Amino acid sequence: MFEKNDLSALVNEIRSLLNEQSFSCASLLNTALASVTSNITHNVSKSVPACVFLPEAATSIDGPVGLIISSQWDKLAWRVPGFGMINTSISDRIAVTELVGPTGMIKHDSVSMGLLLMAPNLRYPSHSHAAEELYIVLSGTIEWTIQDKSIGALMPKMAVRHKPWQPHEMKTRDAPALLFWGWTGDIRSETYRMN
Ligand SMILES: [Fe+2]
């Protein structure tokens with residue numbers, strides 16, 4: 001079981017990461033985190049196949065957030081991405097956890113945020129959704145494409161924002177990648193679609 005204090009420590013580290021971002025959605029997410037009361041609703045840890053890459057991805061993160069994720073990742077509720085719309089040969093190599101949100105470990109109705117893990121040498125196919133989205137890279141290097149246009153490789157501490165419905169895809173290199181993600185605006189998961 002994820003202890004309340006462990007999750008609070010992770011939330012505090014995520015707030016520090018968000019504080020360094022200039023996107024307005026980062027401050028919206030930060031404000032939401034300031035108001036959550038560690039009301040953990042899903043305290044049963046759950047593993048998916050891609051979790052085998054978590055130790056490698058987490059130990060390469062600098063600072064306290066790396067230490068917390070390294071020691072606590074197996075206590076989080078992980079799922080595969082794509083709401084059943086991604087082929088299992090890909091989705092089994094990706095793991096998502098929703099820390100805060102409508103179905104998150106901490107319940108929140110108007111924002112959704114968590115962590116995403118991708119296996120090495122993997123392409124997350126182009127997809128879009130109604131929510132505005134912020135990603136912050138924690139470990140790994142990821143080639144990023146928005147609306148069929150490459151924006152280059154993102155390294156740790158770099159962030160990217162997707163406007164609502166902007167198609168995007170990501171590809172890892174020869175190391176796993178761990179990222180923070182956050183949704184604001186229309187966060188309904190049923191708007192998620194593959195392009
Ligand atoms: Fe997205």
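A residue is called buried if 20 or more other C-beta atoms lie within 10 Å of its own, exposed if 12 or fewer do, and partly exposed in between, with C-beta atoms placed from the backbone. The model is predicted, and local features need a pLDDT of at least 70, side-chain atom pairs count only at pLDDT 80 or more, and totals for chains, interfaces and linings use all residues. Residues are numbered from 1 along each chain as its sequence is written.

View 1. Q147 lies in the loop between β7 (142–146) and β8 (149–154). Strands here are DSSP runs of E of at least two residues, helices are runs of H or I of at least four, and both are numbered from the N terminus. Phi of Q147 is near 50 degrees, a positive value in a residue that is not glycine. With 14 other C-beta atoms within 10 Å, Q147 is partly exposed. N121 sits in the loop between β4 (112–118) and β5 (123–128). Its phi is also positive, at about 50 degrees, and N121 is not a glycine. N121 counts as exposed because it has 12 C-beta neighbours inside 10 Å. Most residues other than glycine have a negative phi.

**View 2. The open sheet that contains β7 and β8.** Five strands form an open sheet in the order β8-β7-β10-β5-β12, with antiparallel pairing. β8 and β12 (193–194) stand at the edges with a single partner strand each, so one side of each has no neighbour in the sheet. Two strands are taken to pair if DSSP finds at least two bridges between them. β7 and β8 run antiparallel and are joined by 5 bridges. I142 has L154 in β8 as its bridge partner.

**View 3. Strand β2 and its partners.** All 8 of the 8 residues of β2 (residues 94–101) are buried. β2 pairs with β4 in the antiparallel sense over 6 bridges, and T97 stands opposite L115 in β4. The pairing of β2 with β1 (residues 78–79) is antiparallel over 2 bridges, and R79 has V96 in β2 as its bridge partner. β2 and β3 (residues 106–107) run parallel and are joined by 2 bridges. In that pairing, G101 stands opposite K107 in β3.

**View 4. The surroundings of G101.** G101 belongs to strand β2. It is buried, with 21 other C-beta atoms within 10 Å. Leaving out residues up to four places away in sequence, G101 touches H108, V111, S112, M113 and I187. A contact means that the C-beta atoms of two residues, placed from the backbone, lie within 7 Å. The C-alpha atoms of G101 and A153 are separated by 28 Å, and the two residues are 52 residues apart along the chain.

**View 5. The largest nonpolar core.** A nonpolar core is a set of buried Ala, Val, Leu, Ile, Met, Phe, Trp, Tyr and Cys residues joined through C-beta atoms within 7 Å. The largest has 51 residues, of which L29, L117, V137, L138, L178, L179 and F180 touch the most other members. Two or more residues each come from α1 (4–19), α2 (24–35), α3 (54–59), α4 (63–72), β2, β4, β6 (132–139) and β11 (177–184). β11 gives the largest share, 6 residues. V137 touches I142, L154, M155, P156, K157, M158, A177 and L179, not counting residues up to four places away in sequence.

View 6. The 12 residues of α2 should span 16 Å at 1.5 Å a residue, and the distance of 17 Å between its end C-alpha atoms agrees. The expected span is 1.5 Å times one less than the number of residues. Buried residues of α2 are C25, A26, L29, A32 and L33. They cover an arc of only 125 degrees around the axis, which puts them on the same side of α2. The arc is that of the directions from the helix axis to the C-beta atoms. Exposed residues S24, T31, A34 and S35 are on the face of α2 turned away from its buried side.

**View 7. The whole chain, for orientation.** The chain has 5 helices and 12 strands. Its C-alpha atoms fill a box of roughly 40 × 30 × 30 Å along the principal axes. Of the 195 residues, 37% are buried.
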